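Please read the notes below with the model open. They are set out as numbered points, each of which can be checked against the coordinates.

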Amino acid sequence: MALVRSLRDQFDWALFFAVSALTILGVINLYSATSQHPTLSGLYISQIYKLAMGAAIAAFAVAIDYRHFERNAWSIYVGGIVLLIIVFMVGTTTRGSVRWIHFGSFTLQPSELVKISLIIALAKYLHNDPKSGGRTLKDLVPPGLILALPMTLIVLQPDLGTALICAAIFGSIMVLTNLKLRSLITLALSFIAAIPFAWEYLMRDYQKERVLALIARWSGDTSNILDTGWHAHQSVIAIGSGGVTGKGFMRGTQSQFGFVPDQHSDFPFAVWSEEFGFLGSVLLLGLYLFIVLWGLRIASQAKDRFGAVMAVGVTAMIFWQAVINLAMVMGLLPVVGMTLPLFSYGGSSMLSTMIGLGLLMNVSMRRFSF
Amino acid sequence: MNLLSHRRELGEFKKRYKWMALFAIACFSVLFLMLVKLQLVEREHWASMARANITKTVTLPPTRGILRDARGRVIASNRPSYEVYITPQLIRPQDIDLFSSLMEFTEAEREAFIARLEAVPAYRRTHQIQMFTDVSRDQVASLETHHDDLPGVDVVARPVRHYPYGSLGAHAIGYLNEVSAEDLERYKDQGFRPGQRIGRSGIEQSLESILRGQPGYRRSVVDARGRRQEDHESVSDIVPEDVRPVPGRDAVLTLDMELMRSIHRAFRGHPSGAAVVVDVHTGKIRALYSKPSYDLNMRSGRLPHDVYQEMLENPFRPLIDKTIYESYFPGSTFKPFSSLAALRDGEIEPSTRFTCKGAYHIGRQRMRCTSAHGEVDARTALIRSCNVYFYRIAEMIGLENIDRVAREFGLGARTGIGINSESAGFLATRKWYEEKFGRFRIGYTLNTAIGQGNTRVTLLQLALSYAAIANGGTLYAPQLIERIEAPDGTAIEEPAPQVARKLDFDPEHIKLIQEAMRGVVNREGGTAYDARIPGGVIVAGKTGTAEVITSREHRERISDEVDERLRRYLTRSHGWFGGFAPADDPEVAIIVLVEHGGAGGRTAAPIATQVLEEYLGSRDLALAQRRN
């Protein structure tokens, strides 16, 4: 009885309800986005299965005291790297990049899971780091290497979106540490200096086209809306035409008649926003902001560095993915392959998000235990 | 590690959470403001774009009215042309093989087709693209049979104009071609769209607003791939509309295509010329014939550039409408007007005689006649076409009198037929001669009297004026439209014949001219005596042989011509015949011009008598048969 009571008292209901609400709305939206589609119409059922599986694994991640993860952090990290190497050996090539491993009918995207193993590894490193404040650029080298190894492998796939998220997670965690102002400025300047290099050597033509399409959008040039700017344009039409209350469930013309691109994977927010309008969109935005702020609260209450860094890492992962995806769907950022966590269809991203949230819940619950 | 150490180490992180939270709030605020902008401020703009996305309005072209001749024969109608539309997105590699074999492509055609497919830009690949026009019925049948195997191939029937008579009467009937940017601007409010066709010349052009009808449209709801959505009510409130097009009205023309065909037969052997036939009691035009011509079906389609270039350079000028657009020196066909001018003036009596010794002297100049005609009066002067007689009367009455009569007969002014940029012809006045040549000479008057001055007439003008002589002095306005009909055949409009002018001549004088013209064909010594058809319809008329070398420029232009035979041809005179029949009770007037045909009596007159015999003779026969 005591155990049940303590579980009830310690369980983070706020986080649970916010996440549940988002996933349920995500399934409802997926139903609207795909049920008229000839081949995707059963997708929402599949999403429910994936959710259930994700919830089970999350429960597992909650149940185990996170200090076990701390103890096995390096093994987990190495496991992630091994998965990334396996992709190159047995992975399948889709649209020019190697991202997926097939187990029968199940498809796994290791780069998604590597985000979690990276967070755990960085948490482990900072947990054991004797320093406490006054960090300089030199102190960034070891964690930087921890990032560099998986990130290089991900860039080689290539999966620029995930690589970017890994870098963002790393950056967010490092901001947590007390880096000297001078080091921070140097870092920011070198990042800006790296942009032309990245443009020239890292980015593919189609990626550059999307960036140029965005710039064209902002300068009012509509000549490209038929090709490179088509996706962003149709998505913005969907959102804007939703108005205050939206066109109603299953009644969005942009969504139902196939104008919104990749509506189940990258652009589900456009579907939601068209059908539920400004009010529905603000609700969704609010839920994401709540999870992010709540995650930071959990981090601040963590009892050790490992828990705090892990909580910040998971929160950063959800925050950056959500913000980049929403900004892209609203036409504020170029179109990159980035799913909306908890809302988009997709097994691997659902899995990594659920594990991450499990870990967050774990940290939240263990704040009382030691 | 003990609990305390954990707490101490966390101190480093504590300051940062607040800033992170503020950063997250700031980012979400930007997203929030963007939602405010898109969904609250700009909603109308995006909503209209969303509507435009799913609304597809297809214009339904009306059926163009049919043209018939006076006897109900179809001159211009519509037939379906089958066009093949390809949606590149839906073409699979194996489809190309099947499609090529159904279309019976050669290897080269197949390659060309693949090249065209690949050239389609990405954003158009989901659209239907017109790739082949006017495919054969066999090809259509094969494609339709395999319709389910070729989802990216659609065959659409579109009406195209069809002219059963091909090149016969092409100038008068006219053709269609695609509307130009200027047309779209000019007829903005009439619902023209790019790609539509518009009457470009002749009757097709002048009756455009009657023949065209009104386009309808179909508004439907489509998805992103342009596919029509039938059960869209649950999704959109756009109301599909189906407005049927209103077909154009049909027109019955005054032309008689069998008469035209008969003229065409009679012109065999002459490369270039024209003829006009009008009803003398109404001004209704029975024939407008200009040779050489061009096939209207080809001209209305996609005329190959080299064919057009060839027509432009053709010395016989197939593009020129020689009945209305071009004007000519009338030669001796002008003489009846000179006679009427002199008779009305009272300077001569019908019986007044002059002696022709083969030439006429004025000052130091000697003006030749066709031969020495001896004693000639008004009648014989016309019958034998004696120039000396007309020199004499011209000297007596002066240029102004001749011009006045010509003007009363409608020369020098547009008849108002309303097609093909009608020429007004030209009547040279004393003032014009003074300005052009510095001073006026009496010779100009003499030449004008025999149709060799600077007077220029169109065949249509001459035909109407000869009709006025034939009917005793009523000049009619030309009439091309017999009736405008609704598609069900009921008459909407039947224009009545219009009198342009009642001419003020002594009926006796007109009668004299009529009789003299009868003599031209039927009296021995008449200039067209050899062209008469014994026992046939009695034709009255006047021949003319108009010299064409009248200016130095003209002579130089001709001498540039390399081909010797062509050069000789181009220096030969035009042969004229103007007349009416039957001589006792005239029904139609006819003008025939054989360009560079030489003497009118030998070339133009036989054409006229043959045509009139076929037209009136056969009709008399048919009437006689009906009576029995």
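Predicted model: local features only at pLDDT ≥ 70, side-chain atom pairs only at ≥ 80, totals over all residues.

1. Overall make-up of chain B. The secondary structure of chain B comprises 24 helices and 23 strands. Of its 628 residues, 39% are buried. Among contacts in chain B with a separation of 6 or more, 75% are between residues 24 or more positions apart.

2. Strand S22 of chain B. This strand covers residues 574-581, and eight of its eight residues are buried, so the rest of the structure largely encloses it. In a regular strand, side chains alternate between the two faces of the sheet. Both faces of S22(B) are covered. On one side the buried residues are His574(B), Trp576(B), Gly578(B) and Phe580(B), and on the other they are Gly575(B), Phe577(B), Gly579(B) and Ala581(B).

3. Partners of S22(B). Strand S21 of chain B (residues 540-546) runs antiparallel to S22(B) and is joined to it by seven bridges. In this pairing, His574(B) in S22(B) has Ala546(B) opposite. Strand S23 of chain B (residues 588-594) is also antiparallel to S22(B), again with seven bridges. Here Gly579(B) has Ile590(B) of S23(B) as its bridge partner.

4. Most peptide bonds are trans, and most residues other than glycine have a negative phi. Pro582(B) sits in the loop between S22 and S23 of chain B, while Ala581(B) is among the buried residues of S22(B). A cis bond is also found from Lys291(B) to Pro292(B), where omega is near -5°. Pro292(B) belongs to the loop between strand S12 (285-291) and helix H12 (296-300) of chain B. Both places deserve a look when the backbone is reviewed.

5. Positive phi at Asp134(B). Asp134(B) is not a glycine, yet its phi is positive, at about 55°. The residue is located in the loop between strand S4 (129-132) and helix H6 (137-145) of chain B. Is Asp134(B) buried or partly exposed? Asp134(B) counts as partly exposed, because it has 13 C-beta neighbours inside 10 Å.

6. Positive phi at Asn420(B). Asn420(B), a residue other than glycine, has a positive phi near 55°. Its loop runs between helix H17 (399-408) and helix H18 (430-437) of chain B. Asn420(B) counts as buried because 21 C-beta neighbours lie inside 10 Å, and the cut-off for burial is 20 or more.

7. Contact between the chains. On the chain B side 40 residues take part, and they are in contact with 45 residues of chain A. Helices H1 (3-14), H2 (16-41) and H3 (43-54) of chain B each supply at least two residues of the side that touches chain A. H2(B) gives the most, with 15 residues. By class, this side of chain B consists of 25 nonpolar, eight polar and seven charged residues.

8. Helices H14 and H15 of chain A. Helix H14 (residues 305-329) and helix H15 (residues 347-366) of chain A pack at an angle of about 145°, and their axes are 9 Å apart. Their crossing is left-handed. From H14(A), the residues in contact are Gly307(A), Met310(A), Ala311(A), Val314(A), Met317(A) and Ile318(A). They meet Thr353(A), Gly356(A), Leu357(A), Leu359(A), Leu360(A), Val363(A) and Arg366(A) of H15(A). Nine of the residues in this contact are nonpolar, three are polar and one is charged.

9. Trp272 of chain A. Trp272(A) lies in helix H13 of chain A (residues 268-301). With 32 other C-beta atoms within 10 Å, Trp272(A) is buried. Leaving aside neighbours within four places in sequence, the contacts of Trp272(A) are Asn29(A), Gly280(A), Ser281(A) and Leu284(A).

How values were computed
Residues numbered from 1 in each chain as written. Chains lettered and ligands numbered in written order. Axes fitted to C-alpha atoms, helices over the stretch in contact; angles between N-to-C directions. Helix = DSSP H or I, 4+ residues; strand = E, 2+ residues; numbered from the N terminus. Left-handed = near helix turned anticlockwise from the far one by under 90°. Contact = placed C-beta atoms within 7 Å. Nonpolar A, V, L, I, M, F, W, Y, C, P; charged D, E, K, R; others polar. Buried ≥ 20, exposed ≤ 12 C-beta atoms within 10 Å, placed from the backbone. Pairing = 2+ DSSP bridges.
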